[in-house]
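Welcome! Please open the structure in your viewer and get ready to select a few things in turn.

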Amino acid sequence: MTLSGRAKLAGVIGWPVEHSRSPRLHGYWLQHHQIDGAYVPLPVRSEAFERALRSLADLGFRGVNVTVPYKEAALAACDEVEESGRRLGAVNTIVMGNGQLRGFNSDGFGFIENLRRGGPGWQAKEAPAVVIGAGGAARAVVAALIDAEVPEIRVVNRTRPRADAVAKDLGGPVRVLDWPQRGRALSEAGLLVNATSLGMTGQPPLELDLADLPMTAMVNDIVYAPLETPLLARARARGNLVVDGLGMLLHQARPGFAAWFGIEPEVTAELRRFVLAD
Ligand code: ATR
């Protein structure tokens, strides 16, 4: 739709941003709700990052999503950061108003909403969860699982000290296991999450023996390109319920959109098709 002089503006700031699906995703919702607004890509070099944020606020932007490599820098740049951002040391959404920058992190929200919609039968409190990985994405996943009151969260990472740091920083019932133990970590688990980049197009697959994984366990991959990673394909073939990673991307976008444009958007099958058909 065409814009008026009162159009609400938002965007995604990062470097690079050309591969971001956020403009397409928010653009779909803007169109769907016939909102007088725009969501634009904002590629900004690191030396200009903070200045750009202040300028966007001066220009009347409602806010931005923050993507690589600025999620940590965004935390430092905000005037106020909600617990979700402070806890992860990273901000992916900024709301602007009166020249103030308020940041939060919606990755954990996106992760848990995706699981709850994709596997409505999942009982968080019933069984341990296994998280493979200890990067920024894994932190958001582990924090969300702590909040969901999962009784034990087994974190396995190739570089063990990073997993130890996750346990130390986030607290909760986190248990760190060594990388060669990852197959055995699956016994009695109710959930398995790949939070590494393994399985992504152009990356090797995650090597993980699923023999000890209970058939009742749900399997989720945060990778969404391809939609069905080799891990999800193997899990599905042996009969586990699988939830792909696209939903995490779609759901994490909801709180920002609602804050900037004043409407709670929905994640639908049509939105999934639209974002994928790119
Ligand atoms: P993000 O912030 O997106 O999570 P990251 O911090 O670079 O990205 O983390 C990537 C994750 O994928 C890490 O857990 C990483 O393991 P290391 O901490 O050992 O690097 C994991 N990863 C990437 N390539 C891997 C590989 N070939 N084998 C095992 N783990 C790998």
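Start by selecting Gly-60, which follows helix 2. Its phi is positive, near 90 degrees. As you go, keep in mind that this is a predicted model.

Now step back to helix 2 itself, residues 49-58. Select Phe-49, Ala-52, Leu-53, Leu-56 and Ala-57: these residues are buried. Why do they sit on the same side of helix 2? Look down the axis: they cover an arc of only 140 degrees around it, so they share one side of the helix. Next, colour Arg-51 and Asp-58, which lie on the other side of helix 2 and are exposed.

What do the buried residues of helix 2 pack against? Show these elements one after another: strand 1 (8-14), strand 2 (37-43), strand 3 (63-66), helix 3 (71-77), strand 5 (93-97) and strand 6 (100-104). The buried residues of helix 2 pack against each of them.

For the last stop, select the ligand. There are 13 residues around it, and Gly-136, Asn-157, Arg-158, Thr-159 and Arg-162 come nearest. Zoom in on Gly-136: one of its backbone N or O atoms lies 3.0 Å from an oxygen atom of the ligand. Move on to Ala-137, where a polar backbone atom is 3.1 Å from an oxygen atom of the ligand. Then pick Asn-157, which has a side-chain N or O atom 2.6 Å from an oxygen atom of the ligand.

Methods. Residues are numbered from 1 along each chain as its sequence is written. This is a predicted model: local features need pLDDT of at least 70, side-chain atom pairs count only at pLDDT 80 or more; totals for chains, interfaces and linings use all residues. Side-chain values use heavy atoms; hydrogens and water are left out. Buried means under 20% relative accessible area, exposed over 50%, partly exposed in between (1.4 Å probe, protein chains only). Helices (H or I, at least four residues) and strands (E, at least two) are DSSP runs, numbered from the N terminus. The arc is that of the directions from the helix axis to the C-beta atoms. Contact means heavy atoms within 4.5 Å. A residue is near a molecule or strand if one of its heavy atoms lies within 4 Å of it. A polar contact is a pair of N or O atoms within 3.5 Å; within protein, one must be able to donate a hydrogen and the other to accept it, and residues adjacent in sequence count only if both atoms are side-chain atoms.
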